[in-house]
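Hello,

Here is the structure I promised to pass on. Please open it first, then read my notes below.

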Amino acid sequence: MSAEKTFYGAGSEVTLHVSIANPGTTPTRVLKWLIPSEGFTEPLFSVTRDGEAVDYIGMLVKRLPPSEADYITLKAGESLSRNLDLSDYYDLSASGNYEVKNDALSADPYAKTGEAAGRLASNTLTLFIEGRAPSLPEAGPFLAVTGTTTFNSCSASQQTALINARNAASNYATDAVNYFLANLQGARYTTWFGVYNLTRYNTVKNHFNNISNAMDTANPMNFDCTCPDVPDPANTYAYVFPNQPYTIHLYGAFWNAPMTGTDSKAGTLIHETSHFLVVAGTLDYTYGQTSCEKSQR
């Protein structure tokens with residue numbers, strides 16, 4: 001990864017040149033959404049300002065677990081490159097010394113290797129960047145009112161399904177809040193969040209409180225059915241921009257999902273709502289119930 005300069009004024013794009021190469025002698029198959037040249041649908045970089053982590057504000061996508069078709073082949077010696085403006089994906093609103101590196105972590109980075117979690121990492125760039133207005137709207141506070149639901153290009157049947165999904169998601173979130181209010185610490189918690197630790201337990205509790213609040217009071221919660229381009233629309237449930245509460249973009253896998261249960265419409269809404277910075281600011285590490293459970297072991 002390289003940059004043309006080390007100082008970027010407030011009026012200049014922070015253009016980076018990113019390349020991924022296969023230096024080996026045999027082809028390698030890499031998960032395509034980990035490669036910047038394939039598009040940015042999750043935080044592929046580690047960015048800090050004066051030692052503090054910087055918020056990712058780009059697209060966050062919920063997908064089906066990866067299949068063979070989700071990997072791209074890099075031939076021996078082949079490389080892929082792309083120029084990108086860092087401010088399109090990270091909050092550069094404050095001036096400071098930034099450190100940037102490609103740091104894409106995944107549970108399934110390579111096809112058919114049998115390996116556990118891995119990452120694609122790069123050299124680190126050190127840049128001074130003057131603050132600039134964020135390219136996307138800043139997040140607002142929760143609205144303590146009865147939530148409304150709005151739609152963009154959703155059919156009547158889709159609107160009905162989304163209203164039912166929001167109601168079901170509200171029930172799920174309320175049930176989770178009640179679990180934590182009772183201070184329960186059983187398998188329902190440890191299966192997904194690991195061995196009990198008070199700090200982590202309180203973090204998860206607060207996140208579910210925020211999710212429940214958003215499901216019940218976000219005004220409006222906006223559902224967008226226009227389906228702009230993403231790299232893999234058939235395998236995509238939904239995506240959000242984390243600093244744009246509470247708009248959720250829906251895709252093919254969402255409409256094929258059951259209303260409740262594993263990888264359901266209701267579960268997708270909870271998953272996507274958790275990404276908003278004013279809710280929990282979660283990121284995706286892996287996809288699918290089995291893979292998520294394994295990551296706690």
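**What I found**

Leu198 is exposed, because its relative accessibility is 51% and the cut-off for exposed is over 50%. Keep in mind that this is a predicted model. Leu198 sits in helix α3, which covers residues 198-217. Together with Val195 and Tyr196, Leu198 makes a nonpolar patch on the surface. The accessible area of that patch is about 310 Å² in total.

Now the whole chain. The chain has 6 helices and 15 strands. Of its 297 residues, 43% are buried. The accessible surface is about 13,900 Å², and carbon and sulfur atoms account for 50% of that. Take the contacts between residues at least 6 apart in sequence: 74% of them join residues at least 24 apart.

Next, the disulfide. The search of the whole structure turned up 1. Cys154 is bonded to Cys225, with an S to S distance of 2.0 Å. These two cysteines are 71 residues apart and link distant parts of the chain. Cys154 lies in the loop between β12 and α1, and Cys225 in the loop between β13 and β14. The link is right-handed, with 90° about the S-S bond. Are the cysteines buried or exposed? Cys154 is buried, at 10% relative accessible area. Cys225 is buried too, also at 10%.

Helix α1 is worth a quick check. Its 26 residues should span 38 Å at 1.5 Å a residue. The end C-alpha atoms are 38 Å apart, so the two values agree. After α1 comes Asn183, which has a positive phi near 60°.

Last, the salt bridges. There are 4 in the structure. Side chains of opposite charge can pair when their charged atoms come close.

- Arg63 and Glu42 meet at 3.2 Å, N to O. They link strand β7 to the loop between β4 and β5, 21 residues apart. Arg63 is buried at 2%, and Glu42 is buried at 6%.
- Lys62 pairs with Asp263, with the closest N and O atoms 3.2 Å apart. Lys62 is in strand β7, and Asp263 is in the loop between α4 and α5, 201 residues apart. Lys62 is buried at 8%, whereas Asp263 is partly exposed at 29%.
- Asp175 pairs with Arg188, with the closest N and O atoms 2.7 Å apart. This pair connects helix α1 with helix α2. Asp175 is partly exposed at 40%, and Arg188 is partly exposed at 44%.

Best wishes

Note on methods:
Residues are numbered from 1 along each chain as its sequence is written. This is a predicted model: local features need pLDDT of at least 70, side-chain atom pairs count only at pLDDT 80 or more; totals for chains, interfaces and linings use all residues. Side-chain values use heavy atoms; hydrogens and water are left out. A disulfide is a pair of cysteine sulfur atoms within 2.5 Å. Helices (H or I, at least four residues) and strands (E, at least two) are DSSP runs, numbered from the N terminus. Buried means under 20% relative accessible area, exposed over 50%, partly exposed in between (1.4 Å probe, protein chains only). The expected span of a helix is 1.5 Å times one less than its number of residues. Contact means heavy atoms within 4.5 Å. Accessible areas come from the Shrake-Rupley method with a 1.4 Å probe; for residues, only the protein chains shown count as cover. Patches are made of residues with over 30% relative accessible area and no salt bridge: like charges are joined within 9 Å, nonpolar side chains (Val, Leu, Ile, Met, Phe, Trp, Tyr) within 5 Å. A salt bridge is a side-chain nitrogen of Lys or Arg within 4 Å of a carboxyl oxygen of Asp or Glu.
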